[in-house]
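Q: Could you take me on a close look at the part of this model where the ligand sits? I would also enjoy hearing about the surroundings once that part is clear.

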Amino acid sequence: MNTIYDCYTLRNGVEIPCVAYGTYKAAADESSRVIQTAIEAGYRYFDTASFYGTEQYLGDAIQKSGVPRKEYFLASKVWKDEMGYERTKAAFAQSLERLQTDYLDLYMIHWPLPTPGYMDWKQLDVDTWRVLEELYQSKKVRAIGLSNFLPHHIENILQNCDIEPMTNQLEYHPGYAQEAAVQYCKEHDIRVQGWSPLGRGRMFGDPLFSELTEKYRISPAQLCLRFAVQNGVIPLPKSSTMERMKENQDLFSFEISEEDMYRLRTMPQAGWSGEHPDRERVYF
Ligand code: NAD
């Protein structure tokens, strides 16, 4: 990978850029301004979800940009309270409407369980996945995937599906690299995207960060994002300023050594969001 436009090929042949822009809270000012800046900064792969409330603003920004729809890679997700066969169909239609488009490049199930301890999650996931398969077969989406699914959740899909998931989105950054889940995905040809790839800055004060940012003469954000890229994980950073957006794309003029990659992969847990699909959220 040499630029943010270089792509991985998903198992169905669809090309997916190696770096995305995450839109959670990117329209906190209730406008498309920040997302327009992200388009100007060069991002073309945008990650959104019905839950974020940013689909409308992303759709507006794309309309205003004058850049053809096919140059974008648009990914969205069905939320916890939209799961199940009929609801997912309706949720997808609403996402398309808000995004002002007639297809998505990637559609995902946002979480495997609506709430921790939900008894019937296996059936609910299978019913929801069935809709994604239908959307894929009718060419409304170019690829289908999962988000926050751990290996035991993915196994349930694999045992009950016609079309295997092409992607999985996980919290992923130094200090919370979910090695077991990422390894499982690699073995099953499921491309991982890393959410909160900067850990929202929570690990930036770690001594290993101070050492490595000085060694490579890069920022803590670049260290995190390059870490993802070198592990074949697609980072989805969110930022609000042009300066940081550019910084977050400047990832290809340096390389983290194998030894330092191991140190980042094995550092003590740091920066975890507190979210886990099978547990109540932990607040720090
Ligand atoms: P992130 O790790 O991308 O951190 C974002 C914060 O880091 C920003 O608010 C900004 O203040 C700061 N930042 C950005 N660039 C910086 C830089 N160069 N230097 C210093 N600070 C910088 O966190 P996030 O927004 O939680 O995650 C990114 C995206 O991941 C979201 O926008 C969303 O698309 C996705 N996401 C998905 C899920 C999921 O359940 N699938 C959950 C959370 C987030």
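This is a predicted model: local features need pLDDT of at least 70, side-chain atom pairs count only at pLDDT 80 or more; totals for chains, interfaces and linings use all residues.

**The ligand and its surroundings**

A: At Pro197 the backbone takes part: one of its polar atoms is 3.4 Å from a ligand oxygen. On its own the ligand would expose 840 Å², and the protein buries 87% of that. In all, 26 residues surround the ligand, and the closest are Asp47, Asn148, Ser196, Leu198 and Arg200.

Now for the nonpolar core. The largest one holds 92 residues, and Tyr45, Phe46, Tyr107 and Leu264 touch the most other members. Helix 8 (residues 220–230) gives this core its largest share, seven residues. Phe46 has contacts beyond four places in sequence with, among them, Tyr21, Ile35, Leu58, Tyr72 and Leu74.

Leu74 also brings us to Arg69, which touches Leu74 along with Thr101, Tyr103, Leu104 and Asp105, leaving out residues up to four places away in sequence. Arg69 sits in the loop between helix 2 (55–65) and strand 5 (73–78). Its relative accessible area is 18%, so Arg69 counts as buried, the cut-off being under 20%. A polar atom of the Arg69 side chain lies 2.8 Å from the backbone oxygen of Tyr103.

Key
Residues are numbered from 1 along each chain as its sequence is written. Side-chain values use heavy atoms; hydrogens and water are left out. A nonpolar core is a set of buried Ala, Val, Leu, Ile, Met, Phe, Trp, Tyr and Cys residues joined through side-chain atoms within 4.5 Å. Buried means under 20% relative accessible area, exposed over 50%, partly exposed in between (1.4 Å probe, protein chains only). Helices (H or I, at least four residues) and strands (E, at least two) are DSSP runs, numbered from the N terminus. Contact means heavy atoms within 4.5 Å. A polar contact is a pair of N or O atoms within 3.5 Å; within protein, one must be able to donate a hydrogen and the other to accept it, and residues adjacent in sequence count only if both atoms are side-chain atoms. A residue is near a molecule or strand if one of its heavy atoms lies within 4 Å of it. Accessible areas come from the Shrake-Rupley method with a 1.4 Å probe; for residues, only the protein chains shown count as cover.
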